[in-house]
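Please read the points below alongside the model.

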Amino acid sequence: MKASLPRIVLSGAIGLLLADTAMADALTGPVTQQSLNVPAIIMFLIFVGITLYITWWASKKSQSASDYYAAGGNITGFQNGLAISGDFMSAASFLGISALVFTSGYDGLIYSMGFLVGWPMIMFLIAERLRNLGRYTFADVASFRLSKRPVRTLSAFGSLAVVALYLIAQMVGAGKLIQLLFGLNYHIAVVVVGALMVCYVLFGGMLATTWVQMIKAAILLFGASFMALMVLMHVNFSLEGLFNEAVAVHSSGASIMSPGGLVKDPISAISLGLALMFGTAGLPHILMRFFTVGNAKEARKSVFVATGFIGYFYILTFIIGFGAIILVSTNPVFQDSTGAIIGGTNMVAVHLANAVGGSIFLGFISAVAFATILAVVAGLALAGASAISHDLYAGVIMKDNADEKKEVRISKISVLVLGIVAIVLGIAFESQNVAFMVGLAFSIAASCNFPVLLLSMYWRRLTTRGAVIGGGLGLITAIVLMILGPTIWVQVLGHDSPIYPYDYPALFSMAVAFIGIWLFSITDNSASAARERELFDAQFVRSQTGIGASGSVAH
Amino acid sequence: MNGPTHNDTQWREIQRNASFQELVQKRSRFAMTLSIIMLALYMAFILLIAFAPGILGTPLASGMVTTWGILIGLGLIVVAIVLTGIYVHRANGEFDRLNARVLEEIGQ
């Protein structure tokens, strides 16, 4: 089985790359364009038709800045929970993790765990305070009692760094995936994804983005549930039977039932765990979703719904991965002449769809994979544009005195620019290894956005100086360590050995951020620092009670 | 509208309110407890993977293929969902009632 991997996963350290591939959404090697998949294209066109109709409907309702950024705060907790899961469950989770389970079994579960545990932490530590303090972006909260301009600038850069990295990985992944699934040209695929993303956000704002994410989550969960059900039916609903059959046919045998090569040493393990866990709590497009509900109660409900759907989804991908071991790896229909999986191991979930549901269901799952990417990039584009218009333009340049209409117009221009940049970079990075980008995005989110946000809500003595210097140091450390680490220094830049020996920077970069924020806050004796500490009590009361929180807008 | 103001003193009154103090104390303690449980379980899982992967690879019973690792991994996913549910249940019930009382008492 292993010999078949390098076709799609870059040749080299396979264990490591598999892990990165799972995170990256990107198929990291050359892929062969497949023949045109007509049912998939028809189903995808239906999805596009419905979502564009919703965008048109949303554009008529979207008037104010609150409509544009936060869907007027009128989304219900359940809807938002579904949309959050649609925002969060990427094509990587679906194809990458099921591929990881397919090749190494248990290791796939380790990844899923990391992605999931961030959610309870968001619930316990962040959700309600975030909702009570902010309006449109998490920078609203981080800069609540601090000096607006420096903190908003830092938060905007943290957001844009995360959005840019995530977006490039998604665009490249989308292009390659669509080549494989639909038989469309890479460039056409990237342009289609970019254009649809711009359409949704530009015309429909948060309302259309929310609906795209909700629909995507629903069809993804339906498709994955059906596949898992068919797999379980095949083994008479016995998990033991499923594992038994998988162990019997897998080249690694019983070792797929225990931790394998994914995590090589304790430092990397802990670092990865921290990045996944706290990175989620620093993703701008996820945090932004909390302002679409009317109050803290609905915000809490949405986290619960999202955690439930996301956890359920990871259990499904685990079953799907094992199902692929018994139904795809044993079937010559899904292998080329050398015995390799057609299209690479990232395609096993798609092949499994064919195995359990025939060509129509295969088309459905292909369309779902495409829809999945669209929903994620739409959320990213909106978050990126909001960082530019709400944080940089309205907050930093206009000092919170921006005209609302003009601010929204700036945001829409930003979406257009982001779309064009994403298309250009998606094409530029076509043959690059972008697998590290999502990992880096999570590390930056955990080392810059998250510490500043958390301490602004919890630590009275935080000052602007501490937040900006500490958060900035966290951001820089994450990027530098990632560049000097094995993923970029060795695999991308081709050096012999890494300067920083671990795969993930989060353990050190988060420590640098927290220590930096602490040190530069407690030594800050300026008058403004004293005022910022004094404002903590008022902020605390509002964060707890919701008094003064921005509410929903009635139409 | 975006940020506290100096002459607004209502928050001082709320801060002294007994119901508010009760709310803050109960909710903070509850959230901290659940966070520590989740963090400890996850870190224990990660450390097990890093230092003693063999434990996770032990079959549930002799002759079985399913390992403790599978049970623990899937169990952690369920625990994460359940803990979140427990928090929402108490926060949207008891804590929100307490919050409503605070608002009532200070005449909001």
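**Notes on the two-chain model**

1. The axes of H6(A) and H4(B) come within 10 Å and cross at roughly 10°. H6(A) is therefore roughly parallel to H4(B), a term for angles under 35 degrees, with over 145 counted as roughly antiparallel, 65 to 115 as roughly perpendicular and the rest as oblique. Axes here are lines fitted to C-alpha atoms, for helices over the stretch in contact, and angles run from 0 to 180 degrees between N-to-C directions. The crossing of H6(A) with H4(B) is left-handed, that is, the near helix is turned anticlockwise from the far one by less than a right angle. Helices are DSSP runs (H or I, at least four residues) numbered from the N terminus.

2. This is a predicted model, in which local features need pLDDT of at least 70, side-chain atom pairs count only at pLDDT 80 or more, and totals for chains, interfaces and linings use all residues. Residues are numbered from 1 along each chain as its sequence is written, and chains are lettered from A and ligands numbered from 1 in the order in which they are written.

3. Which residues form the contact of H6(A) with H4(B)? From H6(A) come A:Leu109, A:Met113, A:Leu116, A:Val117, A:Trp119, A:Pro120, A:Met123 and A:Phe124, and they meet B:Gly73, B:Leu76, B:Ile77, B:Ala80, B:Leu83, B:Thr84 and B:Tyr87 in H4(B). By class, the residues of this contact are 13 nonpolar, two polar and no charged. Ala, Val, Leu, Ile, Met, Phe, Trp, Tyr, Cys and Pro count as nonpolar, Asp, Glu, Lys and Arg as charged, and the others, Gly among them, as polar.

4. Taken over the chains, 46 residues of chain B are in contact with 50 residues of chain A; contact means that the C-beta atoms, placed from the backbone, lie within 7 Å. Helices H1 (10-16), H2 (18-51), H3 (53-56) and H4 (68-105) of chain B each give two or more residues to the side of chain B that touches chain A. H4(B) gives the most, with 19 residues. That side has 30 nonpolar, 14 polar and two charged residues.

5. B:Asn92 lies in helix H4 of chain B. Apart from its neighbours within four places in sequence, B:Asn92 is in contact with A:Lys297 and A:Arg300.

6. Helix H21 (residues 536-545) of chain A has nine of its 10 residues buried, so it is largely enclosed by the rest of the structure. The buried residues of H21(A) pack against H6 (107-133), H16 (436-458) and H20 (527-534) of chain A, together with H1, H2 and H4 of chain B. Just after H21(A), A:Gly546 takes a positive phi of about 85°.

7. Phi of A:Ala71 is near 50°, and A:Ala71 counts as buried, with 29 C-beta neighbours inside 10 Å. Phi of A:Asp400 is near 65°; A:Asp400 sits in the loop between H14 (348-397) and H15 (404-428) of chain A.

8. Chain A has a mean pLDDT of 88, and 92% of its residues reach 70 or more; pLDDT is the predictor's confidence in each residue, from 0 to 100. Over residues 1-28 of chain A, pLDDT stays under 50. Where pLDDT is low, the predicted coordinates should not be read in detail.

Note on methods. Contact = placed C-beta atoms within 7 Å. Buried ≥ 20, exposed ≤ 12 C-beta atoms within 10 Å, placed from the backbone.
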